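Please read the following report alongside the sequence and the coordinates.

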Amino acid sequence: MELNALDQEFMYSGHVGCPGCGAAIAMRFFLKALGDKTIMVMPACCWSVIAGPYPQSALKIPLIHSAFETGGAVASGVRAALDMKGDKETTVVTWAGDGGTFDIGFQALSGAVERNENFIYVCYDNEAYMNTGIQRSSSTPYGAWTTTTPGADWKKLRKKNIVEALVAHRIPYAATANIAFPEDLVRKAQKAKAIKGSRFIHVYASCPTGWRIPSEMSIKIARMAVQTNIFPLYEVEDGLRYTINYKPKEYLVREYFKLQGRFRHLTDKDLDQIQEMVNEDWELLLRKAGEHT
Amino acid sequence: MKRVLEGSHAVAEAVRLAKVQVISAYPITPQTHIVEILSDYCSTGKLNAKFLRVESEHSALAALIGAQSSGVRTFTATSSQGLALMHELLHWTSGARLPIVMAEVNRALGPGWNIWTDQTDSLAQRDTGWIQLYCEDGQEVLDTTLQAYRLAEEVNLPVMVVLDAFFLSHTYEPVDIPDEKDVDRFLPPFAPKFQLDTANPCSFGQLVTPAFYMEMRHDIDRAMDMALVRFGEIEEEYARIFKRRYGAVEAIQCIDADIILLTSGTVTSTCRLVLKALRDRGEKVGILKVKLFRPTPAEQIRGALKSAKKVAVIDRNCSFGAGGIFAQEVRAALCNLPGHPLVYGYIAGIGGRDVTPELLEEIYWKTKNSEVPEKESVWMGLQEVAHGTQRS
């Protein structure tokens, strides 16, 4: 397997993520794919803590932490400086959570990709504000419990489709990736690295703590998200050319939902409704990819 | 070479001479002329810099934080709402010890919408760890901007060069533009003390526990103290090359003055006229112009004011509920000086209203004729406003 060739590690052992943290797994594979000529910009997110407190760092690359809503802008500045210094070799990567991407950082991200800034923006998505204690974000899926959507107030709104929002900016490359599909993830990271302009990768990163799942279920849940079409693997070039990377065999979403404490309150009727929503989104994606039957 | 330039253009000339490498800005009146001229310089190659046309002031400063951390010289300009939007990142810039230089064109804050001059926008940022330098004319703007880079880069703190909206930003005056070779001698290329570097990977701005945070903050405060010393040395060196010096404060006929008018910005120029008129009539009056605000030049303020009987502080700003901000600073600087002069606070020229020679004279006579200040700050030049009864 291709991954065996990537024996170099850019993460030290001893990061401070929770056991089973999908975001830590995502980082490890991304850095393997991108290599040491990488400068990372990190707006406030779980990884602000996972990277470890001063004077330690879990990463072997230069890293600049930044204010919550600045992922797109700080990276633009780093890139501009490298360009002025004649450094064409280094890849600038913003590494942000869903809050910093879908919500508070959306303006700076939209601004940066409208300018087609030459950088990779990675959003590792754990579907809520996990670092602050599981509060809902616009990435939290329909049906989920969070500490700010408790009890009967579970989230009854759809998750924002961030990839389509980025695709609407007609950026050179946008893709989804998943920690349970590392070969696909590494391929996309390397493909993104070779492209110029704004590149966006949306990575599914399970969160055992926030989703109320055992830590050893992290990868299984992530895999099921793809298999159920809840989180399809696909890529879009120049905002136009869609490629679906994985075609699952009709798994039912209820199997994915039943395993997670955050969805425990949902009735069969709720799950039927969610199944319809997932089917509808999948149909829409097939149409965009020109694969609708 | 002397040219007739507006204040905004003087800023842009200094930025060109400083060979800034990354500029990032968002338009707001009355800052716009600065960024328009710089956009032109970048597009015609007169300045070899990358200009980021970002989508907000918040992103303007965020982008510079990224660029400056990567080891290049940077610049931005803003006003009022734009500066307020940057507030979070003003703290970030000084906390990250980045020597970013910004031109801040003083403009009133809304509501109601008001594009005219008022210092409350910049003075409200006094606790953000930025050095602030208030300018009186176009020449001072150009000279101060060049000095700002030296100062910022020596102490690793950001500097705000502050100029009044329209009265300075849009007013044409003869300005001497220094020779590029002389500027290069005064301001060599930026040599970062730290930077993002793949050959030497470091983490910047990370999580810091109580075990280290306090020392980091103490270092910032010490750097501010150092800035006070360095500013004097840098001015000295600048004066040797360019024959111009302004001082952290400028004391004008203060030695024998009973009453000293304390000013900042363009009001100072009007005050110079009033001073002459009053002196001609035998009044023992002086002016203390304050240029450096943060770090507070407290020693110099005390030195200039110590033998006066009264100080009349003219504040084109207001900290609601506490009065004029310069007046507060002066009181704080004087309070432990035995037999210090009485401090009279006056608020004038808010939201771009003219501060006329007549108003300044009125302030002088009011100060002279009152035995003690009637309150912390007296609002001057207010119109009679008929307050109607509230409709039910």
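A:I134 lies in the loop between β4 (119–125) and α6 (162–167) of chain A, where helices (H or I, at least four residues) and strands (E, at least two) are DSSP runs numbered from the N terminus. The model is a predicted one, in which local features need pLDDT of at least 70, side-chain atom pairs count only at pLDDT 80 or more, and totals for chains, interfaces and linings use all residues. Residues are numbered from 1 along each chain as its sequence is written, while chains are lettered from A and ligands numbered from 1 in the order in which they are written.

Although A:I134 is not a glycine, its phi is positive, about 65°. A:I134 counts as buried because it has 23 C-beta neighbours inside 10 Å (buried means 20 or more other C-beta atoms within 10 Å of a residue's own, exposed 12 or fewer, and partly exposed in between, with C-beta atoms placed from the backbone). B:K19, in the loop between α1 (7–17) and β2 (22–25) of chain B, likewise has a positive phi, near 55°, in a residue other than glycine, but with 18 C-beta neighbours inside 10 Å B:K19 counts as partly exposed.

## Cis peptide bonds

In chain A, a cis peptide bond with omega of about 0° joins A:Y54 and A:P55, and A:P55 is placed in the loop between α2 and β2 of chain A. In chain B, the bond between B:G110 and B:P111 is cis, with omega about -10°; B:P111 belongs to the loop between β5 (101–106) and α5 (120–123) of chain B.

## Strand β6 of chain B

Strand β6 (residues 131–134) of chain B is covered on both faces, with B:I131 and B:L133 buried on one side and B:Q132 and B:Y134 buried on the other. It is joined in parallel by four bridges to strand β7 (residues 159–164) of chain B, pairing being assigned if DSSP finds at least two bridges between two strands, and B:Y134 stands opposite B:V162 in β7(B). With strand β13 (residues 292–293) of chain B, β6(B) pairs in the antiparallel sense over two bridges, and B:F293 in β13(B) is the bridge partner of B:Q132.

Together with helix α6 (residues 138–155) of chain B, β6(B) and β7(B) make a right-handed β-α-β unit (right-handed if, with the strands pointing away from the viewer, the path from the first strand over the helix to the second runs clockwise).

## An open sheet in chain B

Six strands of chain B form an open sheet with mixed pairing, in the order β10-β12-β11-β14-β15-β16. Because β10 (249–252) and β16 (378–379) of chain B stand at the edges with a single partner strand each, one side of each is left without a neighbour in the sheet.

## Contact between the chains

36 residues of chain A are in contact with 36 residues of chain B, contact meaning that C-beta atoms, placed from the backbone, lie within 7 Å. Helix α3 of chain A gives the most to the side of chain A that touches chain B, with eleven residues. Two bridges also join β2(A) to strand β9 (residues 203–204) of chain B, the two running parallel, and A:I64 stands opposite B:F204 in β9(B).

Helix α3 (residues 71–84) of chain A is mostly covered, 13 of its 14 residues being buried, and A:G86, which follows α3(A), has a positive phi near 80°.

Methods
Two residues are in contact if their C-beta atoms, placed from the backbone, lie within 7 Å.
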